[in-house]
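Please look over the sequence and the structure below before reading on. The paragraphs that follow take up helix packing, the sheet and a pocket in turn.

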Amino acid sequence: MNWNEFYQALKAGELSPVYLFTGPEEYVKREALDALRQKLLPPGLETLNDATLEGVTAQQITDACETMPMMCERRIVTVRDWAPLLPAKSKNEDAETAWMQKWLENPPASCVLVFYMRQEQDGRKKMSGLLKKKATVVNFDLLTDAELSRWCARKLKPLGKRIEPAALNTLTYMAGRELTRLDGELDKLAAYLGEERDAITEDDVKAIVSASLEYNVFELLNSLLAGDMKKGQQTVNSLLQGGQTSVGLLAMLTRQLRQLAHMKCALDAGETVQAVQDRLKLHPYAAKQTARQCARLSADWLTGLYERCVEDDYAVKSGRLRDRDALDGLILSIGLAKNRNR
């Protein structure tokens, strides 16, 4: 089930003895766990009936679950990032899984057990398959555009603020879609507006929000396509000093050039930006800006540049070309090209 279905079941009083909480949206995942606690634990008795475990054995988990609750019907046990669910082979994994498999045949009604995954689980593991059959799996995926818009409206309403649609698109592209990050960025934006204004604009977002690597690479490409080599080199140096690698930047530029080539060829063939956005699964802001970037560029030039990136990547991985030389060469090719326009 998804997190909306989880809340509906919780509201209806439909509780499972075992849950698996998984997926990338940590903010909603934490809220869901808190909601489950509030549903199960009477006020004042939380600490007596709430156990959070990490780095434990299967027996320690089952012992905690079989401890009788104090002055309430159920206790809750949360197991964070249990090793038999993670990609690497864990200690005594087969025995641990076998122990848990036997226990899951008849879990006690006096406890709710939650396997809470902050890391990505390995769906190939036997324990993952077991929980799919014996537990209620709740997937916490990143919010859709509509859900994100509603969440932002609820977040900003008590602050007397709202965010314009274009500003929200830019915000999610610059900061990502995880609510933990967006929660802090919206607080900063609301404070930035002060008492004078109530609407967060795209300019506000660009002035305040710390840009993601993807956004910085996009702006780097903007500078290079405009022929501004000085600004482009400053951006590269800043990213490298900030901990990024030449290989990482080369990969990001290659990805963006591939998207530009796809967009240009598709638009030349009469497709819409929306159709390309859907096919390439682009962020709306990224699709709009990619279309703008490639408007005056030649499809042949973009395709040739992307093919060069692929060749350079192979040369770097085979040891025939240094990664920084490949990056510098690509930057020069983009910024100094004379035949890139239609």
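Helix α10 (residues 213–225) packs against helix α16 (residues 323–335) at an angle of about 50°, with their axes 7 Å apart. Helices (H or I, at least four residues) and strands (E, at least two) are DSSP runs, numbered from the N terminus. Axes are lines fitted to C-alpha atoms, for helices over the stretch in contact, and angles run from 0 to 180 degrees between N-to-C directions. The angle makes α10 oblique to α16; angles under 35 degrees count as roughly parallel, over 145 as roughly antiparallel, 65 to 115 as roughly perpendicular and the rest as oblique. Leu221, Leu224 and Leu225 of α10 make the contact with Ile331, Ile334 and Gly335 of α16, where contact means heavy atoms within 4.5 Å. These residues divide into 5 nonpolar, 1 polar and no charged. Ala, Val, Leu, Ile, Met, Phe, Trp, Tyr, Cys and Pro count as nonpolar, Asp, Glu, Lys and Arg as charged, and the others, Gly among them, as polar.

The model is predicted: local features need pLDDT of at least 70 and side-chain atom pairs pLDDT 80 or more, while totals for chains, interfaces and linings use all residues. Residues are numbered from 1 along each chain as its sequence is written, and side-chain values use heavy atoms, with hydrogens and water left out.

Tyr27, Val28 and Arg30 in α2 meet Leu179, Thr180 and Asp183 in α8, and the contact has 3 nonpolar, 1 polar and 2 charged residues.

The open sheet has 5 strands with parallel pairing, in the order β2-β3-β4-β1-β5; two strands pair if DSSP finds at least two bridges between them. At its edges are β2 (50–54) and β5 (136–139), each pairing on one side only. Strand β1 (residues 18–22) pairs with β5 over 4 bridges, and tyrosine 19 stands opposite threonine 136 in β5.

Which residues line the second largest pocket? They are Thr172, Tyr173, Gly176, Arg177, Ser212, Glu214, Arg255, Leu282 and His283. By class, the lining has 2 nonpolar, 4 polar and 3 charged residues. On a 1 Å grid over the protein atoms alone, a pocket is an open set of points where a 1.4 Å probe fits, with protein on both sides within 12 Å along at least five of seven lines, and lining residues have an atom within 4 Å of a point.
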